Number of protein chains: 2
Amino acid sequence: MGRDQAMSEKKRLSPQERERQIVDEAIRFFAEQGFGGQTRELAKRLGITQPLLYRYFSSKEALIERVYQDVFVGRWKENWQSLITDRSQPIRQRLLRLYGEYAEVIDNREWVRILILAGMKGESLNRRYLDQVREKIIEPLCREMRFEAGLPDPDTLPLDEAERDLVWSFHGTFIYRGIRKWVYGIPVMEDSDTIVETAVTAFLEGAPAALSAILADRLD
Amino acid sequence: MGRDQAMSEKKRLSPQERERQIVDEAIRFFAEQGFGGQTRELAKRLGITQPLLYRYFSSKEALIERVYQDVFVGRWKENWQSLITDRSQPIRQRLLRLYGEYAEVIDNREWVRILILAGMKGESLNRRYLDQVREKIIEPLCREMRFEAGLPDPDTLPLDEAERDLVWSFHGTFIYRGIRKWVYGIPVMEDSDTIVETAVTAFLEGAPAALSAILADRLD
DNA sequence: GATGGTATTTATCAAACGATAAACAAATAA
DNA sequence: TTATTTGTTTATCGTTTGATAAATACCATC
């Protein structure tokens with residue numbers, strides 16, 4: 001009543017625009033409600049009717065699949081792997097940059113919650129994402145830590161499971177902070193630079209000792 | 001056909017037995033399916049009819065509430081806090097024992113997944129659990145780290161946010177391993193003693209340096 | 001400005017789902 | 001044996017929910 005034209009007066013968007021709009025809102029929506037969220041409410045938020053969703057996605061599952069794509073695949077930076085292995089820079093420097101960027105991606109409600117939701121649902125795409133993390137971050141970083149500690153290359157002396165675990169734990173430091181903040185709603189340290197510096201310092205100081213302990217009995 | 005008596009031939013259990021049975025299965029069931037799991041399927045697993053659930057719990061929500069109680073409240077060990085503050089033992093020893101026990105509780109599919117599910121749902125009980133972790137583990141451990149590093153007591157020099165963050169990250173090491181294993185289904189190191197030792201070693205070696213860096217400008 | 005294509009809505013279905021009431025049956029007591 | 005209690009099932013209700021088909025309205029083109 002009064003003025004019918006509220007905010008988004010535009011109707012009849014182009015298919016590209018509408019699809020983009022739906023996906024963007026779906027990411028926010030499912031991140032909040034979980035994948036149990038109803039298509040009707042999603043439509044309501046978009047200011048469209050529920051059947052219109054099915055013009056763009058054949059099923060709710062298809063829409064969820066698309067959400068995965070946009071969140072996981074779309075936000076991975078290709079330079080991360082090469083950043084780790086660039087020995088022209090000191091390891092500390094490399095880690096500060098890598099996890100500075102990574103922390104930015106993680107510090108996002110949708111990213112964290114959808115990662116968790118996908119895990120709980122046991123989606124294969126989620127598995128592929130973590131394979132990527134392992135292959136392109138964890139394993140290379142293990143190799144660099146060997147190098148820094150003056151220990152044999154993984155090609156010579158295969159990685160111990162405990163070594164990967166140590167690096168996963170360091171990596172997890174940042175993920176777990178995201179979970180504390182975006183899943184549990186606990187206040188966390190917000191100064192990104194300090195966060196990364198503290199974590200990297202603790203890791204570089206602590207890892208060599210742990211590494212020696214792990215490999216002690218395997219070295220002659 | 002043939003023998004109708006399959007496995008659990010017992011019918012008409014006592015209210016206590018039946019309730020216990022329902023809660024136990026509900027924990028497993030919801031941990032797998034999420035809280036969207038249907039009461040009909042839960043009943044099917046129990047070999048009972050769906051309406052019987054409502055004889056024991058007034059609603060699905062009430063059953064979920066009970067699941068929280070059993071998982072979070074029921075599995076907290078009271079000795080953990082006193083273990084940390086017992087300075088008659090070296091800090092390394094204390095941490096090995098505490099997280100040895102804690103790791104046992106965590107290494108449980110139901111515990112990890114229900115903790116996550118509760119977080120995603122934003123339940124207050126979940127919040128209370130994490131308050132307990134902070135109050136009875138994180139804060140005391142911060143105090144002990146100050147002591148070990150020969151730094152002023154938190155009563156004298158209040159804790160910096162970054163200090164809590166550092167300890168949360170150490171704590172998260174164990175949680176994140178549980179998430180990797182029970183949410184993402186990634187293989188993790190299974191030797192509990194080695195896990196704890198590696199994590200504690202890395203923490204005790206790395207934390208002092210990080211702590212000094214954090215407090216550098218606040219100390220005279 | 002009529003026409004055709006298509007983005008969007010209206011109307012509706014069928015199954016899923018939480019919940020309730022009444023009927024049934026197993027144990028206990030008289 | 002009969003009576004009484006109560007654990008359990010059968011039958012069913014009212015919504016909710018993903019999905020489809022037909023009708024409608026916006027927009028470009030001739």
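In this predicted model, a backbone N or O atom of Arg12(B) lies 3.0 Å from a phosphate oxygen of DNA strand D.

Of the atoms of DNA strand D within 4 Å of the protein, 58% belong to sugar and phosphate. Both chains contribute helices to this surface: H2 (39-46) and H3 (50-56) of chain A, and H1 (15-33) and H3 (50-56) of chain B, each supply at least two residues. The largest share, four residues, comes from H3(B). By residue type, the surface near DNA strand D comprises eight nonpolar, six polar and seven charged residues.

The two chains also meet each other, with 41 residues of chain A in contact with 41 residues of chain B. About 3600 Å² is buried between them, and carbon and sulfur atoms give 66% of this area. Met120(A), Tyr176(A) and Tyr184(A) supply 21% of the area that chain A buries against chain B, more than any other three residues.

Four salt bridges are counted between chain A and chain B; one of them joins the side chains of Asp165(A) and Arg177(B), at 2.3 Å from N to O. On the side of chain A that touches chain B, helices H7 (109-121), H8 (124-148), H9 (161-182) and H10 (192-215) each give two or more residues. H9(A) provides the largest share, 14 residues. That side divides into 23 nonpolar, eleven polar and seven charged residues.

Definitions and conventions
Residues numbered from 1 in each chain as written. Chains lettered and ligands numbered in written order. Predicted model: local features only at pLDDT ≥ 70, side-chain atom pairs only at ≥ 80, totals over all residues. Heavy atoms only, no water. Near = heavy atom within 4 Å. Polar contact = N/O pair within 3.5 Å; in protein donor to acceptor, adjacent residues only side chain to side chain. Nonpolar A, V, L, I, M, F, W, Y, C, P; charged D, E, K, R; others polar. Contact = heavy atoms within 4.5 Å. Buried area = accessible area lost by both parts, 1.4 Å probe.
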